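Please examine the sequence and the structure shown below. The briefing that follows treats the model topic by topic.

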Amino acid sequence: FFLQHSSLAEVSAGMTLCQEGVLQRALLVLISGQATLYKKDQHGVQKKIVVLTENSVFGETGFFFGEPRTASVVTDVPSKVLVIKYIPEIYDSMIKTDKARQLQSRIWAIHALLKSEIFRNLPQECFDALIFSGELKTVAPKTLICKQGDVGQSCYVVIQGAVNVVKDSIFIRSLVQGDCFGEMALMVSGGLRTASVQASTEVLLLEIERSHFYQILSENL
């Protein structure tokens with residue numbers, strides 16, 4: 001169904017593919033090129049959220065739920081985009097909202113894993129096993145996620161948003177989509193957190209418990 005009702009568009013750099021606040025009911029796949037996703041903050045200023053690379057899927061909120069675009073997507077370079085049109089008489093009876101929400105979360109998680117230095121070299125068919133073995137959690141700004149010196153039972157992948165890493169009261173770096181933290185406690189430091197991590201924005205995290213982390217890595221040495 002998707003392929004029967006899709007078209008391939010070649011677009012130039014600087015082209016707006018999705019416009020925040022506008023109802024555009026199409027699902028898009030970045031076949032080649034690169035684009036950036038922007039979202040307005042509380043003051044109406046556009047902020048860069050994430051860079052989309054080849055094989056990224058976006059526009060799922062409008063496609064599955066019939067809601068206005070939650071962000072804008074603009075091409076950085078000339079790109080090829082697969083545009084999948086929403087056909088009400090086909091999809092209305094097929095799409096179940098709860099399943100669509102799960103799929104939306106899965107799309108976000110795969111985007112992040114493709115950028116993760118630790119997990120991106122896993123075979124992509126393992127991504128679902130990793131996603132379903134973990135738990136997606138939304139964390140409010142300024143929430144302390146890990147405390148230096150505490151015992152760590154999980155590691156985390158940043159799906160959306162940003163966190164700050166602090167060691168011995170010194171800021172080390174910010175982590176964004178695809179970055180992993182907490183793995184040192186599972187692999188190196190005898191189970192103790194080597195730094196504190198605090199959310200600097202609202203953050204969507206994939207939390208992977210110790211036993212699942214070891215299992216995924218042992219199956220993909």
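With which residue does Asp 179 form a salt bridge? Asp 179 forms a salt bridge with Arg 173, and the closest N and O atoms are 3.8 Å apart. A salt bridge is here a side-chain nitrogen of Lys or Arg within 4 Å of a carboxyl oxygen of Asp or Glu.

This is a predicted model, in which local features need pLDDT of at least 70 and side-chain atom pairs count only at pLDDT 80 or more, while totals for chains, interfaces and linings use all residues. Residues are numbered from 1 along each chain as its sequence is written, and side-chain values use heavy atoms, with hydrogens and water left out.

**Salt bridges**

- The count of salt bridges comes to two.
- In one of them, the side chains of Glu 207 and Lys 137 meet at 2.6 Å, N to O.
- Glu 207 belongs to strand β16 and Lys 137 to strand β9, so this pair ties together parts that are 70 residues apart in sequence. Helices (H or I, at least four residues) and strands (E, at least two) are DSSP runs, numbered from the N terminus.
- Glu 207 is buried, with a relative accessible area of 15%, whereas Lys 137 counts as partly exposed at 33% relative accessibility. Buried means under 20% relative accessible area, exposed over 50%, and partly exposed in between, with a 1.4 Å probe and protein chains only.
- In the pair of Asp 179 and Arg 173, Asp 179 counts as buried at 19% relative accessibility, and Arg 173 counts as partly exposed at 43%.

**The sheet and its helices**

- Four strands form an open sheet in the order β9-β16-β11-β14, with antiparallel pairing. Two strands pair if DSSP finds at least two bridges between them.
- The edge strands, each pairing on one side only, are β9 (135-139) and β14 (180-181).
- Five bridges join β9 to the antiparallel strand β16 (residues 203-209), and Glu 135 stands opposite Glu 207 in β16.
- Helix α3 (residues 97-115) packs on the sheet and touches β9, β11 (154-160) and β16; contact means heavy atoms within 4.5 Å.
- The direction of helix α3 makes about 105° with that of β11. Axes are lines fitted to C-alpha atoms, for helices over the stretch in contact, and angles run from 0 to 180 degrees between N-to-C directions.
- Helix α6 (residues 210-218) lies across β11 and β16, and runs at about 75° to β16.

**Aromatic rings**

- A search of the whole structure finds six aromatic pairs. Rings of Phe, Tyr and Trp (its six-membered ring) pair if their centres lie within 6.5 Å; planes under 30 degrees apart count as stacked, over 60 as edge-to-face and the rest as tilted.
- The rings of Phe 63 and Tyr 86 have centres 5.1 Å apart and planes at 75°, so this pair is edge-to-face.
- Phe 63 and Tyr 86 are both buried.
- The rings of Tyr 156 and Phe 181 have centres 5.0 Å apart and planes at 15°, so this pair is stacked.
- Tyr 156 lies in strand β11 and Phe 181 in strand β14, 25 residues apart, and the pair links distant parts of the chain.
- Tyr 156 counts as buried at 10% relative accessibility, as does Phe 181 at 4%.
- One aromatic cluster is formed by Phe 63, Phe 64, Phe 65, Tyr 86 and Tyr 91.
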